[in-house]
Amino acid sequence: MSKEKHHRDWILRRCCGSIAACILTLAAVVGFIVLVIFLALRPSKPSFYLQDVQLRSIDLSDPALSLDLQVTIASRNPNERVGVYYKTLDAFTTYRDEAVTVPVSMPAIYQGHKDVSVWSPVMSGDAVPVAQYVADAMKQDIEAGYVLLHVRVDGRVKWKVGSWVSGSYHLFVNCPALLATSGSAAVAAGGGVFAASAASGVVPAGVNTTVSLKFTHPADCTVDV
């Protein structure tokens, strides 16, 4: 009786060991296949381009800065077999590394293979507090004939291969926006123009002039994923 029980226990241990070995082997094979697929289809990060900046208004009144502008940002998915889900996208503008507009949400989209997507968010900041040196630096830049802003995008993306969707990854985009200035005695209309008054410190008291800030050329953006 004890011999039969010992034999059954031995068979049970052999079966459990064989099942465990099969599971481990299967897991190793699946892991190897996933690794090969990942290395073969390793996604490249999307490319971003700043196509246009239309500055609608700017107020340099101390100690705050008010800004209203519309930008056009394009993104291209360089992958041939991997799609991109843009889950969240928040755009804002900075000057001298200080935010001068509040973040605005851009539409979440799916970007197919080799596809190009375009967003045109309107960003504004009403009396945004800035350091005194930032306000002084902008006045000096305008007097020098140029202003360098940065349009930034902060969001989350997922990769899609077939029916498989990856986890969420952090996306950060930084686009330099160089605007050149020109002066005119007449009041100008349209995007990229603002009136500079004596209160701004850019022009002498009693002088009414209009300064035009215009986007110079499209720019490549740095992208971190």
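User: How much space lies in the second largest cavity?

Analyst: Rolling a probe the size of a water molecule over the atoms shows where empty space is left. In this predicted model, the second largest cavity holds about 40 Å³ of space. The structure has 2 cavities of 30 Å³ or more.

User: Which residues line the second largest cavity?

Analyst: The lining consists of Leu 55, Ile 58, Leu 67, Met 138, Val 147, Leu 149, Leu 179 and Leu 213. Two elements give two or more residues each to this lining: strand 1 (47-59) and strand 9 (146-161).

User: Where is Thr 93 found, and which residues does Thr 93 touch?

Analyst: Thr 93 is found in strand 3 (residues 83-95). Leaving aside residues up to four places away in sequence, Thr 93 touches Leu 67, Leu 69, Glu 98, Ala 99, Val 100, Thr 101, Met 123, Leu 149, His 150 and Val 151. Among these contacts are Leu 67 and Leu 149, which also belong to the lining of the second largest cavity.

User: Is Thr 93 buried or exposed?

Analyst: The cut-off for buried is under 20% relative accessible area. Thr 93 has a relative accessible area of 0%, so Thr 93 is buried.

User: Why does Cys 22 count as exposed?

Analyst: Exposed means over 50%. Cys 22 counts as exposed because its relative accessibility is 52%.

User: Which cysteines form a disulfide?

Analyst: A search of the whole structure finds 1 disulfide. Cys 175 and Cys 221 form it, with their sulfur atoms 2.0 Å apart. The pair links distant parts of the chain, 46 residues apart: Cys 175 lies in strand 11 (residues 169-184), and Cys 221 lies in the loop between strand 14 (219-220) and strand 15 (222-224). Both Cys 175 and Cys 221 are buried.

User: Why is the disulfide right-handed?

Analyst: The torsion about the S-S bond of Cys 175 and Cys 221 is about 105°, and therefore the disulfide is right-handed.

User: What can be said of the protein as a whole, in helices, strands and buried residues?

Analyst: The protein has 2 helices and 15 strands. Of its 225 residues, 35% are buried. The accessible surface comes to about 12600 Å², and carbon and sulfur atoms account for 60% of that surface. As for contacts between residues at least 6 apart in sequence, 72% join residues at least 24 apart.

Technical notes
Residues are numbered from 1 along each chain as its sequence is written. This is a predicted model: local features need pLDDT of at least 70, side-chain atom pairs count only at pLDDT 80 or more; totals for chains, interfaces and linings use all residues. Side-chain values use heavy atoms; hydrogens and water are left out. On a 1 Å grid over the protein atoms alone, a cavity is a set of points where a 1.4 Å probe fits but cannot get out, and a pocket is an open set with protein on both sides within 12 Å along at least five of seven lines; lining residues have an atom within 4 Å of a point. Grid points are joined across faces, edges and corners, and a volume is the space filled by probe spheres set on the points. Helices (H or I, at least four residues) and strands (E, at least two) are DSSP runs, numbered from the N terminus. Buried means under 20% relative accessible area, exposed over 50%, partly exposed in between (1.4 Å probe, protein chains only). Contact means heavy atoms within 4.5 Å. Accessible areas come from the Shrake-Rupley method with a 1.4 Å probe; for residues, only the protein chains shown count as cover. A disulfide is a pair of cysteine sulfur atoms within 2.5 Å.
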